[in-house]
Amino acid sequence: MSDNAQTHRWFRSLPLRLRSLFGRESVDRDLDDELQSVLDLTTDENIAKGMTPREARRAAKISLGGVDQVKEQVRAARAGAWFGTLMQDVRFGLRMLRKNPGFTAVAVLTLALGIGANTAIFGVVQSVLLRQLPYLDPGALVEVWNSYLPQFPQFALSGADFNDWRSQAKPFAQMAAYWSVPLDANLTGAGDPARVEITYASSNLFSTLGVRPIVGRAFLPVEDHPNAPDIAMLSFKLWADRFGANPALLGRTITLDGRNYTLVGVLPANFPLVPWADVWLPMGLVDPNELNTRVHHDFNVVARLAPHVTIPQAQTEMTLLEQRQAQAHPATNRNFGVIIAPMRDPQTVKTRSALLAIFFTVGMLLLIACANLINLLLARNSTRRKEIAIRIALGAAPLRLMRQLLIESLLLSLLGGAAGLIVAAAALGVLKRLAPAALTDIQTVGLNVWVLAFTFAIALLAGIISGSWPARNSLRLDVNTALKEGARSSPASRGWARDSLVVAEISLALVPLVGAGLLIRTFGNLLRVDPGFRADHLLTLQVTLPALPQERLNKMTVLELQALQQKQAAEWEQLADRIRALPRVNSVAGVDFLPIAESEQASSRFVIEGRPETESTPRPAAEMRVVSPEYFSTMGIPLIQGRVLAPADVKIPNIVIGEKMARRFWAAGDAIGHRINLCSLYSQPCWYSILGVVGDVHQFGLNAPLTFDVYFPGGWTNTFVIRTSVAPSLLVPSIRELIHKFDPALPVSHVLTMDQVLSDSLSQQRFSTLLLGAFAALGLLLSAVGVYGVLSYAVGERTNEIGVRMALGAEPRDVVALVIRHGAKVSAAGITLGLAGALALTRLLSNLLYGVSATDPITFVGVVVILFGVALLACYVPARRAMRVDPMVALRHE
Amino acid sequence: MDAEQTNLLQGTLDLVILKALALEEMHGLGISRRIEQITKGTFQVKPGSLFPALHRMEEAGWLSSAWGESENNRRAKYYRLTKTGRRQLGAETKRWSRVSLAIKRALEAS
């Protein structure tokens, strides 16, 4: 029997053998059969000796002894022998790795990079993306939103609509609401005064989610209605920070802006629904005007689907309800839509696609590392051909040899995995420092059991993937020729296998490179976006006036309210004047919502005087900002037409609008002097005259679309913007001191330079760009190592041929060209394949991109040039080595 | 049956099994009979020792096995030496000769 045939037979019986390893049952059945046949044979023997069949059977049974005992002994012997040879292979494998420290180090390092990157990113994905929302059956929870196209694709519900639907919506088992905007209040009576954020919740919010308070009770249905008692629930964080997690505080009162609330309960620590909320108040305490309005949209709504209802069914039914609502309340609800969406984790909404792209990239990275390892093993095993051939000739079972080669690669990959853990721990440290603040979960990522199991699994997988092909390959040899050959050489036909590996590596490296290129282009575009103002030398800080109790405000007449506003504006001016008097302060202005940083919408639908409306066109909405007169000059927002606000305008309904709004509604450039009604949903209109047009400002971030902006002169504007003649941070201490002297009770917060505000707004993009870029670069490096390895090997193998060529008169130049041509051919093939993959996959990135298409030709060309350049560079070193081949030495080489 | 029962020395069982299989493939009972025959009844290998040894040696790659028919048409599992087994037989034989020679010398020394 030839060795090839023997190998072949062994491979065919491989499934059987694996079954005997793992399938105890089939081994047992075989053993049963064997012992039965021994019994039969012995019986036959005994009958031949002259016993009766009965005696014969009995004697046979006695001689066999206890069948179960024999079986047990056989099993133990098999396992022992299997384990024994396994340990032999492991010892041998370790010896081989020790004998080739260079090879071992390169292989382990390559794997450690691949496995480490995967472990770190898996840790992040596991704790950030795979986290189940801590609610009962979260799959049945949905979010309910309004839409008002084309301006507002998704926004909160009004109190009145929520209350109508709560009783009418059949697709939902429960429907609950909470106040969508943080309301800050001064907490007193529990240690130092502190700013806390308040939200309101409907009584069924917690039961809808299936969350129980850890102490005390949730709100009661009666507390959803006006005249609810003054009660409050605390977030776990506030309870722990301010009340020392003391369960005995139920029934005690806390004071918020001077009003007392009795504590009834505490929410669990893991309750991510409203991450900013410190104190929860019952919905009944919301001002009745807000509770019954269809004008203001302040309630986020969650619902639990009724049994057997799907999201599309719920969507259909709710759309019908919304249409009925639009007929009943055309003034407020016409052209509204409703959106039913699966409930999402607020933390991961923005990072999900970026993290998945990064996870995908590190997956590619691991495949490249495996391809490198395969290359290394192929090269090394071919130098061991003689050893293997001798062992086969001496009768080593090919399966044993294969197992031993596999064990060597598994040892490598497990070592790589262990080293990968170190890489991962270091990488996680860096990730945590770079991560945007919003991604709080990333701070808790550690190497937990799941992560370790994942690492072990991918290490095993990497070992098997990279080990089996080279192992099988090295057994598929013809012993006779292998023994006759020189120890080093191997048939040239195998070269295509390694070449195809390089093709694969380069194509795998190209896809993440294109992804990273697109994100870098996006980031560049974002940096180039003009925010609409001059961000340098601007300091921003918040100074909040204590809120007046709502019932006092409600009782005021319009005139009293105006008087109050003017009084506050005068106070604001006083403080601003003092700041202006500081040295190195150029100008001071105020705004209620700072651009870029703000996520809160303060928009209102408006009607233009003298323009009839049609029913089918949605009424446009404007973003309203209250500013002090110097706002435009301080921010550096250019005046385009008319004039800006003056102090006297506080008493007159005058406004300034943004350029986008002016162009959209007064295309002829005649916006000045026109009037718009900004109270279009109320019975009393409020008409404002347009005084001037200013440049557009990105209110909601650099990549958010521009809005229709309306600026009013106002009362007290919380955010101070201060233009300085030196670095703004230098003035912070003196300004703080000044405000404290002005009124010690005024809290100062959110002290940031405008440059910081801009930079913070890009932290998500910066994080994903940096990460994807780093991993793509690592992929490039690893694939370059792969190209280098294969070409070095090829040059080594062709030393002979090169020597002959040079002896026959080939110039060094020709030799270099020979090698480079080989590398270029392989790289070009890899790039072509990778381009196809990139074109198919980068589309998935499109929601991360800004100002660049997913098939951006510049990125694609750039990546191709870089990749090809690096690949050629990797060819150059072996090419130079080939050039220096000494023909005499080469020819003697054999 | 009254032949002197001699316990197989540790390690010699493998050797006699390998030796018994050196000429042809055999089923378990045949191996046990062959050992009795070549040792002139000195060694009687009980199933409780024989089968664990056969399976262990198969696992180690010295033997391979296949189902076949016995001379009286019974189904039986046949064992045969692999190349490794044959090599093992050579190595074990050498080792055993060395050991037994050494013991013999030790005993003859006085």
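This is a predicted model: local features need pLDDT of at least 70, side-chain atom pairs count only at pLDDT 80 or more; totals for chains, interfaces and linings use all residues.
# A first look at chains A and B

Among contacts in chain B between residues at least 6 apart in sequence, 51% join residues at least 24 apart. Across all chains, the structure holds 36 salt bridges.

**Getting to know chain B**

- Chain B is built with 4 helices and 3 strands.
- Chain B has 110 residues, and 45% of them count as buried.

**Where the two chains meet**

- The contact draws 30 residues from chain A and 23 residues from chain B.
- On the side of chain B that touches chain A, at least two residues each come from α2 (28–38), α3 (47–59), β3 (75–81) and α4 (83–108) of chain B.
- The element that gives the most to this side of chain B is α3(B), with 8 residues.
- By type, the residues on the side of chain B that touches chain A are 8 nonpolar, 6 polar and 9 charged.

**Salt bridges between the chains**

- Glu58(B) and Arg78(A) pair through their side chains in a salt bridge, at 3.6 Å from N to O.
- Another salt bridge brings together the side chains of Asp44(A) and Arg74(B), at 2.9 Å from N to O.
- Asp44(A) sits in helix α3 (residues 24–48) of chain A, while Arg74(B) sits in the loop between β2 (63–69) and β3 of chain B, so this pair joins two chains.
- Asp44(A) is buried, at 17% relative accessible area, whereas Arg74(B) is partly exposed, at 31%.
- Asp44(A) and Arg74(B) also belong to a network of salt bridges that links them with Asp40(A) and Arg57(A).

**Salt bridges within chain A**

- Asp224(A) and Arg166(A) form a salt bridge whose closest N and O atoms are 2.8 Å apart.
- This pair links distant parts of the chain, 58 residues apart: Asp224(A) is in the loop between β7 (215–216) and β8 (231–234) of chain A, and Arg166(A) is in helix α7 (residues 159–168) of chain A.
- Asp224(A) counts as buried at 6% relative accessibility, and Arg166(A) counts as partly exposed at 26%.
- Arg217(A) and Glu223(A) form a salt bridge too, with their closest N and O atoms 3.0 Å apart.
- Here Arg217(A) is partly exposed, with 29% relative accessibility, and Glu223(A) is buried, with 3%.

**Helices of chain A and their surroundings**

- Helix α13 (residues 352–383) of chain A has 32 residues and spans 47 Å from its first C-alpha to its last, close to the 46 Å expected at 1.5 Å a residue.
- Because 23 of its 32 residues are buried, α13(A) is largely enclosed by the rest of the structure.
- Gly869(A) is a residue of helix α28 (residues 857–883) of chain A, and it is partly exposed, with a relative accessible area of 35%.
- Gly869(A) and Ala824(A) are 45 residues apart in sequence, and their C-alpha atoms are 9.6 Å apart in space.
- Asp856(A) is found in the loop between α27 (812–841) and α28 of chain A, where it is buried, with a relative accessible area of 7%.
- Leaving aside residues up to four places away in sequence, Asp856(A) touches Leu518(A) and Arg521(A).

**Backbone details in chain A**

- Leu149(A) and Pro150(A) are joined by a cis peptide bond, with omega about 5°.
- Pro150(A) belongs to the loop between β1 (141–148) and β2 (152–155) of chain A.
- His308(A) has a positive phi of about 65° although it is not a glycine; this residue lies in the loop between β12 (297–305) and α11 (311–328) of chain A.
- His308(A) counts as exposed, at 79% relative accessibility.
- Arg584(A), also not a glycine, has a positive phi of about 70° and lies in the loop between α20 (558–580) and β15 (585–591) of chain A.
- Arg584(A) counts as partly exposed, at 45% relative accessibility.

Notes. Residues are numbered from 1 along each chain as its sequence is written. Chains are lettered from A and ligands numbered from 1 in the order in which they are written. Side-chain values use heavy atoms; hydrogens and water are left out. The expected span of a helix is 1.5 Å times one less than its number of residues. Buried means under 20% relative accessible area, exposed over 50%, partly exposed in between (1.4 Å probe, protein chains only). Contact means heavy atoms within 4.5 Å. A salt bridge is a side-chain nitrogen of Lys or Arg within 4 Å of a carboxyl oxygen of Asp or Glu. Ala, Val, Leu, Ile, Met, Phe, Trp, Tyr, Cys and Pro count as nonpolar, Asp, Glu, Lys and Arg as charged, and the others, Gly among them, as polar.
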